[in-house]
Amino acid sequence: PQGIGSPSVYHAVIVIFLEFFAWGLLTAPTLGVLHETFPKHTFLMNGLIQGVKGLLSFLSAPLIGALSDVWGRKSFLLLTVFFTCAPIPLMKISPWWYFAVISVSGVFAVTFSVVFAYVADITQEHERSMAYGLVSATFAASLVTSPAIGAYLGRAYGDSLVVVLATAIALLDICFILVAVPESLPEKMRPASWGAPISWEQADPFASLKKVGQDSIVLLICITVFLSYLPEAGQYSSFFLYLRQIMGFSSESVAAFIAVLGILSIIAQTIVLSLLMRSIGNKNTILLGLGFQILQLAWYGFGSEPWMMWAAGAVAAMSSITFPAVSALVSRTADADQQGVVQGMITGIRGLCNGLGPALYGFIFYIFHVELNELPMSESSSGGGVVAQYPLQQNSIIPGPPFLFGACSVLLALLVALFIPEHTTLNVRSSNWKKHCGSHGHPHSPQAPGEAKEPLLQDTNV
């Protein structure tokens, strides 16, 4: 097969690292360009852009996954990385086209789906979770390091250099896929021609959601996931802009915030999560994570000083244990032949939230008139410290209304989660899904945890 060596997890790891390292470099420049392009209704436009991208990803991910099951992984890795990174050079050429292409690129912003399928092709079932964890940890590492590097280079040499560097890394990723990545799908499993049919049932983005109501326990879990992840998806889309423009954080402070939150989240999802699962049980771990998320969002909503954001960020790291605990609960309670169905439902719920959450947050910012009249004052030249200037929120009782709404949503999720039994057996009819998997020999496609979503750090299954 074309490529260097035989297919391995390390090929997938390098593809993920380069793509998200390139985008991480642009964290600080994107916030400034966003406000300059949309000086009025900045948060609303940001929510709409990210919302359209999320919804398009939700609709296209199953189709691209189904096509890659038939035509191979390498071509779709190339396609998704190319179109996901296509907007990067447009930042300095035309900001309007930059944001327009970002929203449309959601159709192909599903690299994780193809990467997880690639990993599943080349690993045995007992080693697959460790391989997924390695991919997710690499994704986290790229976002811990790259925003700080991008902020430093932007301060020292200007944003144009950062955009050029990010473009070069994206091109390096594309060349790596072309030259070095071998095809993981065996030749005998691919059709002789490109006219082969695919399973349209598998390509239906709503197929997994249609099964939600078939079991009361599954319904409770899915409602909990929806109510808790909706504010998380919205928060991710707007929070760094909120820190930069409303709370007066410098570019370096935003990058440091991402790095600290990422490191704490990794610790929480490895050491703390395993201790809690052994000591207080699966369900209580979920409830504890939801409790931390409520505290974090309420703190963001009422916080008016930078130190409050840092303190709430530490709580946010603890709230990141919720989704791994939910995934563990599902894997323990579902039958072996129903793992993919139930995990696919949760993935579908989260994919839908990735589209609805940003738009909802942008709309709430808009109706509460949280807008920007001007950029914060430039940071002091001595040490790059923050000179905090709050354009509109100095006298506001609730500086961040969407975060308070998110806290109420997670509170409802906590109340729903109270009714989830600790030990049960899920019963979801999956005959069509099993029939499809039997015909194609790929039971991994719908069961990759974290599939079809590109989270920040809370979602990594390390």
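Helix α13 passes helix α17 in a left-handed crossing, a term used when the near helix is turned anticlockwise from the far one by less than a right angle. Helices here are DSSP runs of H or I with at least four residues, strands are E runs of at least two, and both are numbered from the N terminus. The model is predicted, so to speak of local features takes a pLDDT of at least 70, side-chain atom pairs count only at pLDDT 80 or more, and totals for chains, interfaces and linings use all residues. Residues are numbered from 1 along each chain as its sequence is written, and side-chain values use heavy atoms, leaving out hydrogens and water.

The axes of α13 (residues 282-302) and α17 (residues 401-417) come within 8 Å and cross at roughly 165 degrees. Such axes are lines fitted to C-alpha atoms over the stretch in contact, with angles from 0 to 180 degrees between N-to-C directions. The two helices are therefore roughly antiparallel to each other, the label for angles over 145 degrees.

What does α13 meet in α17? On the α13 side, the residues include L287, L290, I294 and L297, and their partners in α17 include F403, L404, V410 and L414; contact means heavy atoms within 4.5 Å. The residues of this contact divide into 15 nonpolar, three polar and one charged. Nonpolar covers Ala, Val, Leu, Ile, Met, Phe, Trp, Tyr, Cys and Pro, charged covers Asp, Glu, Lys and Arg, and the others, Gly among them, are polar.

Among the buried residues of α17 are F403, V410 and L414, buried being under 20% relative accessible area (1.4 Å probe, protein chains only).

How values were computed: Parallel < 35°, antiparallel > 145°, perpendicular 65-115°, else oblique. Buried < 20%, exposed > 50% of the residue type's maximum accessible area, 1.4 Å probe, protein only.
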